[in-house]
2 protein chains.
Amino acid sequence: MTALIALDWGTSSLRGFLMDEDGKVLETRASRHGIQNLPAEGTEGFEQAFVSLCGNWVEEHNIRAGVACGMVGSAQGWREAPYVPCPADTHSLASKAVSIKAPLGVEILIAPGLSYDPENGCPDVMRGEEIQIAGALGEDVSDGAERLIVLPGTHSKWVEVRGGTIEAFHSYMTGELFSALRRATILGRLMPEDRKPAADVAAAAFAKGIELALESGPGDLAHQIFSARTMGLFGRMEHAALADYLSGIVIGHELVSARNRFGGRMRADMKLPVIGDGDLCARYVEGFRIACECEPVLLGNTAPAGLYRFAAALGFLSSASA
Amino acid sequence: MTALIALDWGTSSLRGFLMDEDGKVLETRASRHGIQNLPAEGTEGFEQAFVSLCGNWVEEHNIRAGVACGMVGSAQGWREAPYVPCPADTHSLASKAVSIKAPLGVEILIAPGLSYDPENGCPDVMRGEEIQIAGALGEDVSDGAERLIVLPGTHSKWVEVRGGTIEAFHSYMTGELFSALRRATILGRLMPEDRKPAADVAAAAFAKGIELALESGPGDLAHQIFSARTMGLFGRMEHAALADYLSGIVIGHELVSARNRFGGRMRADMKLPVIGDGDLCARYVEGFRIACECEPVLLGNTAPAGLYRFAAALGFLSSASA
């Protein structure tokens with residue numbers, strides 16, 4: 001093998017990485033062909049999106065194999081890959097990968113998602129994050145150390161890792177909750193779409209939301225969010241800052257819950273890896289500063305490194321298939 | 001005065017009551033002309049809706065005065081009535097009523113809303129519920145007893161009363177939160193619009209949601225609601241029952257928060273008046289049965305009685321203006 005195609009294929013976007021056999025990213029491409037925005041219906045949509053993004057990579061480098069992760073493996077994806085139950089590592093993922101005969105003679109192996117089934121009988125799932133975590137862990141997993149990793153997002157994930165194994169995880173619908181409250185409730189009415197507050201005003205509103213969340217007892221969210229209306233009605237906060245305030249309340253609730261759940265692993269001396277979109281992660285880092293004592297470490301996009309480790313576990317890489 | 005028109009005029013509906021001077025409801029009418037569904041723009045819309053509902057009452061009974069409550073007094077209403085700060089009683093409401101010259105020579109007095117400003121600086125508001133509470137209290141307020149009253153709804157209210165005075169209240173956006181989660185997030189995808197579960201299945205799913213909420217710590221809502229997806233994905237709950245399960249989680253969170261806030265007033269021997277829509281109140285009563293020990297007492301629609309007390313406080317009723 002001389003080169004590998006790795007695809008991070010989500011709901012709203014598709015990212016492709018051309019890698020050499022050591023995992024070095026030679027070229028990155030992105031398109032808007034997420035699985036809900038394909039150029040054609042059904043299988044053809046996936047095929048066209050693949051050829052359009054990667055066609056000339058395949059021809060130039062004579063590529064025969066690729067790997068993919070994310071919603072491309074969901075029930076609405078190219079082909080459904082199962083959820084692998086925790087505890088799981090990259091070898092568990094590789095053992096349940098599903099194969100697609102893609103155009104141009106390329107075989108693509110899609111990574112499965114993960115499930116976690118806690119004692120209360122309410123299961124949890126992830127799809128795509130397991131690869132980002134594999135990338136974050138890298139090769140340095142032989143110490144068997146316990147780690148907590150956070151992936152802020154539409155559905156944030158708090159992931160408990162030991163060595164290279166994901167042992168448990170917990171989803172929070174924080175991003176989607178914020179969006180639904182803003183778009184589909186009365187709270188959005190006072191929030192202007194076209195006007196942003198000054199940076200210091202936004203930061204103060206966000207911090208005020210986090211601090212309100214820190215005061216909360218069980219079940220208080222539906223009460224506290226109403227203040228994102230009344231603070232505007234009473235002129236105690238400028239309307240342009242109300243969305244930052246609401247964001248602080250909902251992110252603050254996530255942090256309060258996590259602090260309760262993972263207290264011992266969120267001490268002042270603990271480094272807490274944070275993976276994801278830069279702007280959103282910056283909000284979480286500010287939230288940690290106010291709500292917690294641990295030290296967040298921003299990791300950026302670890303999907304390419306994770307896809308490479310998945311490919312290695314599949315035995316795709318002669319150099320890595322020890 | 002021989003008869004009185006009393007209007008409960010909300011966002012999505014208008015209800016009119018023709019009363020005699022003792023507050024007996026002689027006739028009830030309803031129309032879909034809530035303030036967001038008027039037959040014409042601006043003031044004309046309110047005027048047309050009033051004449052269409054009450055015109056022949058005015059003529060037959062030679063009525064000159066009416067009272068109204070609800071969103072008709074909001075910034076988007078016929079005329080804005082202020083928020084009166086707590087503590088407040090029907091006399092405080094009467095002193096801040098605003099007057100409208102309605103068609104057919106009728107003067108309508110619109111009740112103001114209430115505000116409550118707790119120590120944390122996050123104010124709370126109600127509009128319409130203050131009249132329902134006045135109706136629930138009736139004349140029997142001279143004992144000065146402390147009461148807690150619950151009004152389940154789009155924005156549920158928990159109201160602290162002493163004698164005839166509303167001292168404090170707390171809103172929960174529970175109804176609107178449920179609706180936004182169902183309509184505007186991934187949770188709605190597995191919930192069929194056209195299929196209802198069997199009554200025992202719905203009740204079991206609702207109870208399971210309440211019980212999950214009872215286990216929750218601060219900030220857990222955004223985590224727990226995700227199970228309204230995964231329980232369906234994993235075949236642990238039939239899809240038709242997922243909406244009842246989600247309803248149990250969000251109502252359960254409200255009850256957990258209230259139990260925390262009002263514990264001393266939710267003991268086994270305490271009667272808890274519950275005011276509002278029958279189906280929704282029935283859910284809350286079932287929630288109380290699982291989560292609390294107090295005894296809910298369903299009061300039905302207390303708005304007509306409250307409007308009558310408001311009219312009396314205005315001095316409209318010769319017999320009641322002692």
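Which residues form one aromatic cluster with A:Trp9? The cluster is made up of A:Trp9, A:Phe46, A:Phe50 and A:Trp78. The model is predicted, so local features need pLDDT of at least 70 and side-chain atom pairs count only at pLDDT 80 or more, while totals for chains, interfaces and linings use all residues. Residues are numbered from 1 along each chain as its sequence is written, chains are lettered from A and ligands numbered from 1 in the order written, and side-chain values use heavy atoms, without hydrogens and water.

Over all chains, the structure holds 16 aromatic pairs. Rings of Phe, Tyr and Trp (its six-membered ring) pair if their centres lie within 6.5 Å; planes under 30 degrees apart are stacked, over 60 edge-to-face, and the rest tilted. A:Phe50 and A:Trp78 form a tilted pair, 6.4 Å centre to centre with 50 degrees between the planes. A:Phe50 lies in helix H1 (residues 42-61) of chain A, and A:Trp78 in the loop between strands E4 (65-69) and E5 (83-85), so the pair ties together parts 28 residues apart in sequence. Helices (H or I, at least four residues) and strands (E, at least two) are DSSP runs numbered from the N terminus. Both A:Phe50 and A:Trp78 are buried, that is, under 20% relative accessible area (1.4 Å probe, protein chains only).

In chain B, the ring centres of B:Trp158 and B:Phe288 are 6.1 Å apart, with planes at 75 degrees, so this pair is edge-to-face. The pair links strand E11 (residues 156-162), which holds B:Trp158, to helix H9 (residues 278-291), which holds B:Phe288, 130 residues apart. B:Trp158 is buried at 0% relative accessibility. B:Phe288 is buried, with a relative accessible area of 0%.

Technical notes
Buried < 20%, exposed > 50% of the residue type's maximum accessible area, 1.4 Å probe, protein only.
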